[in-house]
Amino acid sequence: RGLDRRAPPPRRRARRVVHLAMGGRGVVARLARLGWRETRVVASSGAARGAAPCATAIGRNEFSAPTFSKRQHTDATATSPWSSTRGVTHGFAADTRTHNNKALGRRHFASGLAKGGDETDDDDEDEDETDDESEDDDDDGDDDDSDDLDVAGVLPRRETLPETQGDMLDVVNVPVYTISGEKTGEFVTLPGRIFDVPLRVDVAQRVVVWQRNKKRRGLHKTKTRAQVKGTTRKARPQKGSGRARVGDLRAPQMRGGGVAHGPVVRSHATKLQRKVRKLGLKIALSAKAAEGRVVVIDNCHEGVLSPKTKWLDSALDKLLGVGALAAGERQHSVLCAELPPTEDTPGALKGKRRDPVSSDMVDCLESNGKRASKNLPHVHVMHQKGLNVYDVLRYRSLAITKGALAELIARIDAPVKR
């Protein structure tokens, strides 16, 4: 009591001394760890070049950064070490950045190099030499379209709709390509009654709403006051307590009670005329054809050399180019309609699919293209019978095989069953 009030009591002063001692011990231990780490990095700097150095070694420049070479081919699984890469891509989902940190969001194709980041004077001189060589090659007539970063592909992209859209004119001499973007020498005709009808947004909207409503499962369910588990006795007497009258404890206004007018298990499906559904599919196909985003290929099985994601991704670079890029211009968005292989098809792969009636997984046969597309999030290979308005409008481009095109035309031209 005789001590000054401003001075802390003896016990509190002792605690502060203990805290300071413990804090000093932690600082000493931290310095010891940093020194040991620095010694370890300096000792093993020649053996572990690829390991990430500590902050002390980085500040003293006691390490040598690994060198990188420009990539000449697409590597979707490529990874970079700890240091910052310059002009090196990280696969097809990587993006490049400029000096002002503006994201370009461009896809790095198999034949192009990433543009972005800082480069040395030697690299600039090498680029000038390569530019001069490319100009000489152009003069000789031996230019290679694969050296350009923005690959055009085979899609005849159009910025505006043609004036003759909706006149139901047949598109003749449409070339057939392989899945790698090479011409096969064959030609098909896109009938105007299917691929050149007038565009009506209202009809397409009705079909899309009908599809989405039919796809809803409708399993939402809440319990009413009759279904909630609980007692049926009266909570308290009707009179005498001076409080509000209370009957059933499972009433909606009570805590833990039932729900009044809640959702029940039902079907959200609506009805739509078959003629309107067929017209909606024609409108969706006409919209893709008017935009120049329809390509005809020979098949999705024999043309695929290997059922690998990396091979299919590089093949789509040559087939579609930048015309089918989505997700920030990083990945291809394409819907491919095909005829699945049969038991007589050589090289057919065994797979699983969900039965639409029983919802069970059943055995099926898959093509090489469908197997390779399963790891590409915006590439979908499906049977031509499942071609619908929602999927055609959802994906950026449409690729259809020659056999699937013939069956699709026959299916749409078939009379409507009444």
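Hi everyone, thanks for coming. A word of caution to begin with: what you see is a predicted model.

Let me start with the overall picture. The chain has 418 residues, and 30% of them count as buried. It contains 10 helices and 10 strands. If you take the contacts with a separation of 6 or more, 67% come from residues 24 or more positions apart. The chain exposes about 27600 Å², with carbon and sulfur atoms supplying 51% of that area.

Now, please find the sheet. It is an open one of 6 strands, in the order S2-S1-S3-S10-S6-S9, and the pairing is mixed. At the edges sit S2, residues 183-190, and S9, residues 379-383, each pairing on one side only. From one strand to the next, the twist averages 30°. As a reminder, strands of a sheet pair through backbone hydrogen bonds, either parallel or antiparallel.

Let's zoom in on one pair. Strand S3, residues 294-297, and strand S10, residues 397-401, run parallel and are joined by 4 bridges.

Helix H10, residues 402-413, lies across S2, S3, S6 and S10, at about 95° to S10. Then there is H6, residues 274-291, an 18-residue helix. From first C-alpha to last, H6 reaches 26 Å, close to the 26 Å expected at 1.5 Å a residue. Just after H6 comes Gly 292, with a positive phi of about 75°.

What do the buried residues of H6 pack against? Their partners are helices H4, H5, H9 and H10, together with strands S3 and S10. Among those buried residues are Val 276, Leu 281, Ile 283 and Leu 285.

That takes us to the interior. In soluble globular proteins, nonpolar side chains tend to be buried together. Here the largest nonpolar core has 33 residues, and Leu 285, Leu 387 and Leu 405 have the most contacts inside it. H6 gives the most to this core, with 6 residues. Apart from that core lies another, of 20 residues, including Ile 297, Val 304, Val 334 and Val 381.

One last stop: which residues does Leu 405 contact, leaving aside its neighbours within four places in sequence? They are Val 188, Leu 190, Phe 195, Val 296 and Ile 400.

Technical notes:
Residues are numbered from 1 along each chain as its sequence is written. This is a predicted model: local features need pLDDT of at least 70, side-chain atom pairs count only at pLDDT 80 or more; totals for chains, interfaces and linings use all residues. Side-chain values use heavy atoms; hydrogens and water are left out. Helices (H or I, at least four residues) and strands (E, at least two) are DSSP runs, numbered from the N terminus. Buried means under 20% relative accessible area, exposed over 50%, partly exposed in between (1.4 Å probe, protein chains only). Contact means heavy atoms within 4.5 Å. Accessible areas come from the Shrake-Rupley method with a 1.4 Å probe; for residues, only the protein chains shown count as cover. Two strands pair if DSSP finds at least two bridges between them. Axes are lines fitted to C-alpha atoms, for helices over the stretch in contact, and angles run from 0 to 180 degrees between N-to-C directions. The expected span of a helix is 1.5 Å times one less than its number of residues. A nonpolar core is a set of buried Ala, Val, Leu, Ile, Met, Phe, Trp, Tyr and Cys residues joined through side-chain atoms within 4.5 Å.
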